[in-house]
Amino acid sequence: MYLVVDDSRMARKMAVKNLKLVVGENVEISEAQDGLEAVNLYKENKPTICFMDLTMPVMDGFEAIKEICLFDSEAKIIVISADIQELSMQKAKDNGAIGFIKKPINQNNLKSMLSTLGLI
Amino acid sequence: MQINNNIIFNTVNNGIIILDEDLNVLAWNKWLEIYTKIKEKDILSKNICKYFPYINEKKLKRKAKTVLVTNNPSFLSLNTNRYLINIPVSNITNTIFESMQQDITILPYDIEKKYICIYIYDNTLMCEINQKLEKANEELVDMSHRDPLTQIFNRRYFSEQSKKIKSFSQRNNNIPFSIITLDIDKFKKINDTYGHLVGDEVIIKVAHIIEAEVRTSDIVARFGGEEFVMLLQDCNLDDAYKVAEKVREDIEKTSISVHIDTEVKFTVSIGVAQFSEVDNNNIELTLSRADEALYKAKNIGRNKTVVSN
Amino acid sequence: MKNLIELNEDEKDCLQELMNISYGAATAAISEIIGKFATLSIPNIDTISSCDLRKHLNEKLLSKNKYYVSNQLVNGYLAGENIFIIDEISSINLAREFDLSDDEIDENEIKDIILEITNILSSATSGKLASLVDTSISFSAPHITKINSIDEFDKRFEGEYSHVIIISTELNFKEQNIKGELMILTKKESSIFLKKALDNALENL
């Protein structure tokens, strides 16, 4: 099961669509709108991979990554973000993220990231 | 660089420079060779700032970086920087600028290799025209404020400025200011007796004498015909009276030579008023009171100063 | 008369996401150029008429501060104008971020830096937006003025921008106290083009 976290409805739609294209139509995907919802959903369902945006209200991606990794040290979190500054990527990695996809997400960058991490 | 045998590169009427991110010259087109008298082979691989030390290296490097990061052009604004490369201009029609005024565009030439390209466009003529236009406009505005004969201010300017002075005074604890109105005595007789040319000279003389007695913060205006008005800032009624009397005396003492043996003498009548509460925040009323005082001065024999209470 | 340029919910969401991506690119560009960490707030999108534009601008220039306003024309299918508004104090702080020492900072230097930021923001945002909807644009050199109130704005705004899409975002360097706003104004034809392009993008979703 995959978890997609982004406050933008369109971004979630794009992530879902590309996931289906790369992984398969029948893949199970949950969605969350902010970091807090993401943490709660993660604790309930323990998804295989979590795709996380960074800039969100209530709780941002950096916090959410930290919380989730505290809960599950083996958590596989890939950041999908438009904010591609060195500092941001580093901060996300420090908090526990294992990969980074630069928006806009498409089949190529998604496939490439997943295979680099040995997840497909 | 293999660009230097390119026809467009060498015939276009603009300067073209290609630099790497450290600002070393990789290409320098014919236009530049001609205008700077520096051959491409002599400046190739050299840092452009070594040849032109007045170029702000920090700023140019930053612009280069911007252009390579955003992959979009950047501009050197003409408001702030007059030119990138100082090229002296010397033609008969150009009188304003000593150096070519340049319009500069910087763009990415090769993102991988981090090369940028700079276009230099000669904008001197346009700048000249703009400056002349601005100057002409300024002169027009000034002309609309002046009385053509005496070159002192006119009534229109007086109205505009008096409002500002009134506001200023009110914002600053009601610093006092006063108005003096002057009228040349029996002016019609002077005109009829000696002619209009002499009449004009009298008006000019009076204007000059009044101007000599005021400070730069004061306003002297010709209200038409033989009437003048002065606005004295930071001046109460007593001080205004003293100024008015000085002017009256100076005019009384002076004269204008008409023929070898004829001296025309003339005097003014003066009214003085200080802006106060009775004027209901309206300078026109102060002016009226000064006029009433002036009228009294005429009635009691002319060549007098009367104060409005 | 119905405003042709009204964006529906889906189109707004789509534009919002495209702008998020564009602004991400802009932020990264700025931080790379000046070597500091920057944030651009999530852009706010509005479709308004010209009298609302005046009101909108009025709100931005509320306080007694002096403001610098720079504008840059955008040419192509997404033709319009980008306007960047920044107050005097933020401008000085911005100049410091560009590594200018206090005695180097004068009116001309500040204006130059604001023009640069405008250019960077413009190209990073409009430029990115254009590429995301598969079209090309070019920019004219930006211009800058210092103003005290909305009345100093050119009257032509009301005519040119009868139907506008305003995308406004804050450029924020919190610690350095720099706050500026970028507005992307589109003219009628470009608004229509944009709407179509968004619909296209949505269909391919």
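Guide: Let's start with D134(C), which counts as exposed because it has 10 C-beta neighbours inside 10 Å, and the cut-off for exposed is 12 or fewer. Keep in mind that this is a predicted model.

Visitor: Where is D134(C) in chain C?

Guide: D134(C) sits in the loop between α4 and β5 (137-139) of chain C. Its phi is positive, about 65°, although D134(C) is not a glycine.

Visitor: How do you know whether N280(B) is buried or exposed?

Guide: Count its neighbours: N280(B) has 9 C-beta neighbours inside 10 Å. Exposed takes 12 or fewer, so N280(B) counts as exposed.

Visitor: And what about S8(A), buried or exposed?

Guide: S8(A) has 23 C-beta neighbours inside 10 Å. Buried takes 20 or more, so S8(A) is called buried. It's found in the loop between β1 (2-5) and α1 (9-23) of chain A.

Visitor: Which residues does S8(A) touch, leaving out those up to four places away in sequence?

Guide: S8(A) touches Q16(C), E17(C) and N20(C). As for its own chain, S8(A) and A32(A) are 24 residues apart in sequence, and their C-alpha atoms are 10.0 Å apart in space.

Visitor: What makes the bond from K103(A) to P104(A) cis?

Guide: Its omega is near 0°. Most peptide bonds are trans. P104(A) belongs to the loop between β5 (99-102) and α5 (107-116) of chain A.

**Helices side by side**

Visitor: How are two packed helices described?

Guide: By the angle between their axes and the distance between the axes. Take α2 (residues 35-45) and α3 (residues 61-71) of chain A: they pack at an angle of about 20°, with their axes 9 Å apart.

Visitor: Why is α2(A) called roughly parallel to α3(A)?

Guide: Angles under 35 degrees count as roughly parallel, and the angle here is about 20°, so α2(A) gets that name relative to α3(A). The crossing of α2(A) past α3(A) is right-handed. Among the residues that meet are A38(A) and Y42(A) from α2(A), and A64(A) and I68(A) from α3(A).

Visitor: What name goes with α1(C) and α6(C)?

Guide: Their axes come within 9 Å and cross at roughly 90°. The range for roughly perpendicular is 65 to 115 degrees, so α1(C) and α6(C) are roughly perpendicular to each other. On the α1(C) side, D10(C), E11(C), C14(C) and L15(C) make the contact, and the residues of α6(C) include L198(C) and L202(C).

**One helix in chain B**

Visitor: How do you know that the length of α10(B) agrees with what a helix should span?

Guide: At 1.5 Å a residue, the 17 residues of α10(B) (residues 237-253) should span 24 Å, and the end C-alpha atoms are 24 Å apart, so the two agree.

Visitor: Which residues of α10(B) are buried?

Guide: They are A240(B), V243(B), A244(B), V247(B), R248(B) and I251(B). Seen down the helix axis, the buried residues of α10(B) fall within an arc of 135°, so they line one face. D238(B) and K253(B), on the other side of α10(B), are exposed. The cover over the buried residues includes β7 (178-184) and α9 (196-212) of chain B.

**Between the chains**

Visitor: Which chains touch with the most contacts?

Guide: Of the 2 pairs of chains that touch, A and C have the most contacts. Chain A and chain B don't touch, and their nearest C-alpha atoms are 13 Å apart.

Visitor: What is chain C made of?

Guide: Chain C has 6 helices and 8 strands. Of its 205 residues, 48% count as buried. Of the contacts in chain C with a separation of 6 or more, 72% are between residues 24 or more positions apart.

Technical notes. Residues numbered from 1 in each chain as written. Chains lettered and ligands numbered in written order. Predicted model: local features only at pLDDT ≥ 70, side-chain atom pairs only at ≥ 80, totals over all residues. Helix = DSSP H or I, 4+ residues; strand = E, 2+ residues; numbered from the N terminus. Expected span 1.5 Å × (residues − 1). Arc of directions from axis to C-beta. Contact = placed C-beta atoms within 7 Å. Axes fitted to C-alpha atoms, helices over the stretch in contact; angles between N-to-C directions. Parallel < 35°, antiparallel > 145°, perpendicular 65-115°, else oblique. Left-handed = near helix turned anticlockwise from the far one by under 90°.
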